[in-house]
Amino acid sequence: MAFEPPQRLVRALDESVPDADDWVDKLPDTAGQAVALRELTVERVQVPGGRSSLVVLVRRPDGTPAALKLVPPRSRPESERAALAHWDGRGAVQLLEPFVTEGVLLLERLHPDVSVRSLPEAKALLEAAGTLRRLWVEPPGDHVFETVAERTGRQADAMRGAPAEVAALVSAALDARESLLAAPPEERLLHGTFRQSKVLSGTRAPWLAVGPDPVVGECAFDLARLVRDRVEDLIATPSGAATTRRRVKRLAESLEVDQERLRGWTLFRAVESGVRALRVGRPRDAELLLEFAGWL
């Protein structure tokens with residue numbers, strides 16, 4: 001079988017991963033070797049798939065359905081493996097192998113075409129938030145996960161080169177980060193890139209998280225990405241600004257997170273994403289994100 005990478009993946013890697021062409025060129029051979037090594041039967045490549053990995057739906061030698069995931073080295077597959085192993089299926093997809101072979105993970109098969117985003121908005125937020133809460137556990141004592149301070153430090157450096165027209169928002173976001181890092185209330189293992197599309201329907205549990213880019217820090221940082229889910233719908237609504245503020249309040253209260261800390265991290269993450277979208281040539285996405293940030 002030909003393991004042709006979906007175009008969505010190719011375009012996303014071109015934007016976000018330097019020197020991704022070599023990994024993409026080798027992907028068919030890498031996938032073929034991973035399948036042969038594990039004696040898997042291939043059903044299909046998941047299309048359109050994600051923006052940072054290739055997922056192949058397979059069956060193990062005993063007929064059990066599984067998902068084979070191939071991840072570029074720059075997307076930290078070893079970190080993902082370590083987080084999934086630590087969660088051990090609690091709130092997240094189950095890791096079926098205790099090791100990573102050149103960026104390859106064998107995972108429990110979920111229902112890849114059914115995410116929590118398919119639910120009505122209020123229900124989707126409720127289910128997603130409940131899933132996220134289960135992931136917030138103490139990190140392993142000897143962990144090597146990136147911290148929120150380290151990750152946002154790199155992001156902050158990149159934001160300082162933003163165009164002058166967004167300078168006020170960038171300054172507010174950087175000030176918020178500095179204040180939030182001064183006294184974090186807890187240290188938990190976080191998903192890192194959590195949103196509704198990262199929560200899939202499962203068989204052993206109704207909803208399970210996938211695709212973490214794990215980081216260690218405070219819970220408000222993780223929840224902040226969920227606040228702006230369906231941002232295009234928020235922007236299109238006359239009451240979008242008020243709805244956003246209510247969403248911050250509701251999520252903070254339901255997950256027992258400080259509302260102002262959630263607002264601050266939501267501001268930082270929205271501005272960072274907006275500036276990055278400008279940098280890689282996605283002006284429409286940048287416009288939506290920066291307008292959203294202005295409401296905070």
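1. A definition to start: a residue is buried when its relative accessible area is under 20%, exposed when over 50%, and partly exposed in between (1.4 Å probe, protein chains only). At 11% relative accessibility, Glu-97 therefore counts as buried.

2. A word on the source. This is a predicted model, in which local features need pLDDT of at least 70 and side-chain atom pairs count only at pLDDT 80 or more, while totals for chains, interfaces and linings use all residues. Residues are numbered from 1 along each chain as its sequence is written, and side-chain values use heavy atoms, with hydrogens and water left out.

3. Where does Glu-97 sit? Look in the loop between α3 (77–87) and β4 (104–108). Helices (H or I, at least four residues) and strands (E, at least two) are DSSP runs, numbered from the N terminus.

4. Which residues does Glu-97 touch, leaving aside its neighbours within four places in sequence? They are Arg-38 and Leu-106, with contact meaning heavy atoms within 4.5 Å. With Arg-38, the side chain of Glu-97 makes a side-chain to side-chain polar contact at 2.8 Å. A polar contact is a pair of N or O atoms within 3.5 Å; within protein, one must be able to donate a hydrogen and the other to accept it, and residues adjacent in sequence count only if both atoms are side-chain atoms.

5. Stepping back, the protein chain has eleven helices and nine strands. Buried residues account for 51% of its 296 residues. The C-alpha atoms fill a box of roughly 55 × 40 × 35 Å along the principal axes.
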